Amino acid sequence: MTNLEKMLVALDPRDESDHGPALLATRPPTLNGKTLGLLSNNKPHSEELLQMIAGIMNESYNIKNTVEYNKGSHQWPANSEALKEFASKCDVAIHATAE
Amino acid sequence: MTSPRLTSLKHRFSDWGQAQDYYLESKLTDGLPIVPPSEDRVRAMLEFAGLEPDQVIGVETIRNKHITAEKVAVNSVMAGCRPEYFPVVVSAVAACCDRSFNLHASSTSTNGVTVLVLVSGGYARQIGMNSSTGVMGPSNQANATIGRAVNLVKTNFYGSVPQDMDNSTFGHPGKYSFCFAENLDASNWPSLATDKGFDGESSTVTVVAAYSPLQVSVFGGKDPTSFLTSVAHAMIGLGPSISEVLVVLSPEVMQYVNEAGWSRQQVQEFLWGKAQLPARDWIAWRRVEHPETFTDKDQLVGCVADPSRITVLSAGGAAGVYIDIIGSWGNSRTVTRKIEIRS
């Protein structure tokens, strides 16, 4: 028996399927004049945190306006139809969690 | 007849110790040694269940994970399962992929919940599962390795690795393994499998996104209204925002229930009715995440939304007047699947 034949062969338990890399959304060249979306996960203080971030961004950029959407629960993904509608109303969006 | 081709990456090791080091250092175990998943052992699992390697056992839609029989078998071998345990693992994994179980959120949350695998029906006895003394503890190979296999699928295949995608604050001892069988000898009731709508010959597996168990010592004699009051009080401790509760009656308590002639439904309704408080009390005890949602502060709010969310069964050893309660996380629902056994 060769050394290779004497070796212990064991299989890999991980997911080896290739679903392609996760990609970042395309970034706009500037935030000036853009509509900012604020996506809350309904955790206590998440909306306050998002408002604070929006305030800081307003100081640095000429944000046109903000739109807000609360997805209702941190435990589930946002409803896809509601998310599409939210996306149609803003140019960029921030999602945040807080306690 | 040729054996179906296994497609998993093959690792070659000079000896058993080198294999252990690889799986441990690659974070492919729960910290304990594993059985190296050789092709022969993996094939034995698949052949016992009559499954092809590429057969999809379940799809978790949030991460788009298609869990194949081969990968469930690899993890089952690693956990130490015998081939006859494999159909139980397969059904449990399929149940975890039901959208209502919410595997993704429950296995990544800071809340430390694990997958409790609860087996009901004759197959549990056939493969030697423990439903009696020390039912939630160690020593039984089937209980220990079936629960471990489900957890290894969750970490190795799904990616819910502790300190990485699994961010639970405290963790849970059941993340090693949490699996037991219903004690069918203790109860006059139909099995849990039958109660869930399956025929009397079927065995089932139920998965629960389980918090840690809380053992309650019950006092006040044999009257169910007395000892179930103790349980309802303990249930209130779980808070008003849990999804479901599993109530495990020791055989001695079950005997009192049998003697009183109470049905499972009566127990469920009694516990649900008792485990309620006015909204203002929950709010005063700071047990509510969004108190502003309660317009009527005198409104009675239950530990769970309705009696059907209380699952009651018997398990455990003959001695001891105890009841164990296990809350389930957030909005995850318990899911029951038939165990498919090749005849």
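Guide: A residue counts as buried if 20 or more other C-beta atoms lie within 10 Å of its own, as exposed if 12 or fewer do, and as partly exposed in between, with C-beta atoms placed from the backbone. This is a predicted model, in which local features need pLDDT of at least 70 and side-chain atom pairs count only at pLDDT 80 or more, while totals for chains, interfaces and linings use all residues. Residues are numbered from 1 along each chain as its sequence is written, and chains are lettered from A and ligands numbered from 1 in the order in which they are written.

Visitor: Why is helix 3 of chain B called mostly covered?

Guide: Helices (H or I, at least four residues) and strands (E, at least two) are DSSP runs numbered from the N terminus, and in helix 3, residues 69-79 of chain B, 11 of its 11 residues are buried, so the helix is called mostly covered. What covers them includes strand 1 (8-11) of chain A and, in chain B, helix 7 (141-157).

Visitor: What makes helix 2 and helix 4 of chain B roughly perpendicular?

Guide: Their axes, lines fitted to C-alpha atoms over the stretch in contact, with angles running from 0 to 180 degrees between N-to-C directions, meet at about 80° and are 9 Å apart. Angles under 35 degrees count as roughly parallel, over 145 as roughly antiparallel, 65 to 115 as roughly perpendicular and the rest as oblique; the pair is therefore roughly perpendicular.

Visitor: Which residues of helix 2 of chain B make the contact?

Guide: B:Met45, B:Phe48 and B:Ala49 of helix 2 do so with B:Phe86, B:Pro87 and B:Val90 of helix 4, contact meaning C-beta atoms, placed from the backbone, within 7 Å.

Note on methods: Contact = placed C-beta atoms within 7 Å.
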